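Open the model in your viewer and keep the sequence panel beside it. This tour tells you what to select at each stop and what is there.

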Amino acid sequence: VHSIRMDCDNDVLLLEVTQTGHTPGLACHTGRHSCFFQTLDKAQLAKTIAQRQAAGDISGSYIAKLLAQAPDAVLKKIAEEAGELIMACKDADAGKDKTRIVAETADLWFHCLIALAHYGLGPDDVLAELARREG
């Protein structure tokens with residue numbers, strides 16, 4: 001281990017290491033070269049929402065709980081998150097931290113994906129509409 005660094009909000013450690021014992025070297029317990037091999041994409045997130053919707057476990061899933069109370073609970077969350085995004089933007093305009101804009105946008109998009117799932121739609125439907133408008 002050459003160095004250990006933390007990110008700006010102290011929730012990720014980055015270890016700089018010399019990998020030995022294997023070619024090209026392994027740093028992850030999974031046997032991969034790096035621990036950072038997974039990606040989160042719209043398809044996976046939509047799939048997770050659909051799985052939790054189908055399972056319907058309202059005691060163990062925030063998504064299932066919201067969908068069990070849809071549409072009102074989902075729409076209320078969208079309105080709440082939109083308001084929080086607006087306030088984060090206004091705060092950034094006043095010189096405060098811009099990273100809240102990203103966090104609030106993520107919250108809003110997440111709840112919009114839940115609404116789409118409730119109505120039998122998904123992110124590809126939205127992307128198709130955007131592509132249609134671009135054309």
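Select His 111. This side chain is buried, with a relative accessible area of 4%. Buried means under 20% relative accessible area, exposed means over 50%, and partly exposed is in between, using a 1.4 Å probe and protein chains only. The model is predicted: local features need pLDDT of at least 70, side-chain atom pairs count only at pLDDT 80 or more, and totals for chains, interfaces and linings use all residues. Residues are numbered from 1 along each chain as its sequence is written, and side-chain values use heavy atoms, with hydrogens and water left out.

**Stop 1: around His 111**

Stay on His 111 and colour helix 4, where this residue lies. Helices are DSSP runs of H or I with at least four residues, strands are runs of E with at least two, and both are numbered from the N terminus. Which backbone oxygen lies 2.7 Å from a polar atom of the His 111 side chain? Show Asp 107: the oxygen belongs to its backbone. A polar contact is a pair of N or O atoms within 3.5 Å; within protein, one must be able to donate a hydrogen and the other to accept it, and residues adjacent in sequence count only if both atoms are side-chain atoms.

Now show the contacts of His 111. Leaving aside neighbours within four places in sequence, they are Tyr 62, Leu 66, Val 74, Lys 77, Ile 78 and Glu 81. Contact means heavy atoms within 4.5 Å.

**Stop 2**

Is Lys 77 buried or exposed? Lys 77 is buried, at 18% relative accessible area. Not counting residues up to four places away in sequence, Lys 77 touches Tyr 62, Leu 66 and His 111.

Together with Lys 77 they are linked in a network of salt bridges. A salt bridge is a side-chain nitrogen of Lys or Arg within 4 Å of a carboxyl oxygen of Asp or Glu. Between Glu 80 and Lys 77, the N to O distance is 3.1 Å. Both lie in helix 3, three residues apart, about one turn of the helix. Glu 80 is partly exposed, with a relative accessible area of 36%.

**Stop 3: two further salt bridges**

How many salt bridges does the structure hold? It holds seven.

Go to Arg 100 and Glu 104. Their closest N and O atoms are 4.0 Å apart. Both residues lie in helix 4, four residues apart, about one turn of the helix. Arg 100 is partly exposed at 33% relative accessibility, whereas Glu 104 is buried at 10%.

Next, select Lys 42 and Asp 124. They form a salt bridge, with the closest N and O atoms 2.8 Å apart. Lys 42 lies in helix 1 (residues 42-55) and Asp 124 in helix 5 (residues 123-134), so this pair ties together parts that are 82 residues apart in sequence. Lys 42 is partly exposed, with a relative accessible area of 39%.

**Stop 4: the nonpolar core**

Select Ile 49, Ile 63, Leu 66, Val 74, Ile 78 and Ile 114. These have the most contacts inside the largest nonpolar core, which has 14 residues. Helix 2 (62-68), helix 3 (72-93) and helix 4 (99-118) each supply at least two residues of this core. Helix 4 gives the largest share, six residues. A nonpolar core is a set of buried Ala, Val, Leu, Ile, Met, Phe, Trp, Tyr and Cys residues joined through side-chain atoms within 4.5 Å. In soluble globular proteins, nonpolar side chains tend to be buried together.

Centre on Ile 114. Apart from neighbours within four places in sequence, Ile 114 is in contact with Ile 49, Ile 63, Leu 66, Leu 67 and Val 74.

**Stop 5: a cis bond**

Move to Pro 71, in the loop between helix 2 and helix 3. A cis peptide bond joins Ala 70 and Pro 71, with omega about 5°.

**Stop 6: Cys 89**

Finish at Cys 89 in helix 3. Cys 89 is partly exposed, with a relative accessible area of 29%.
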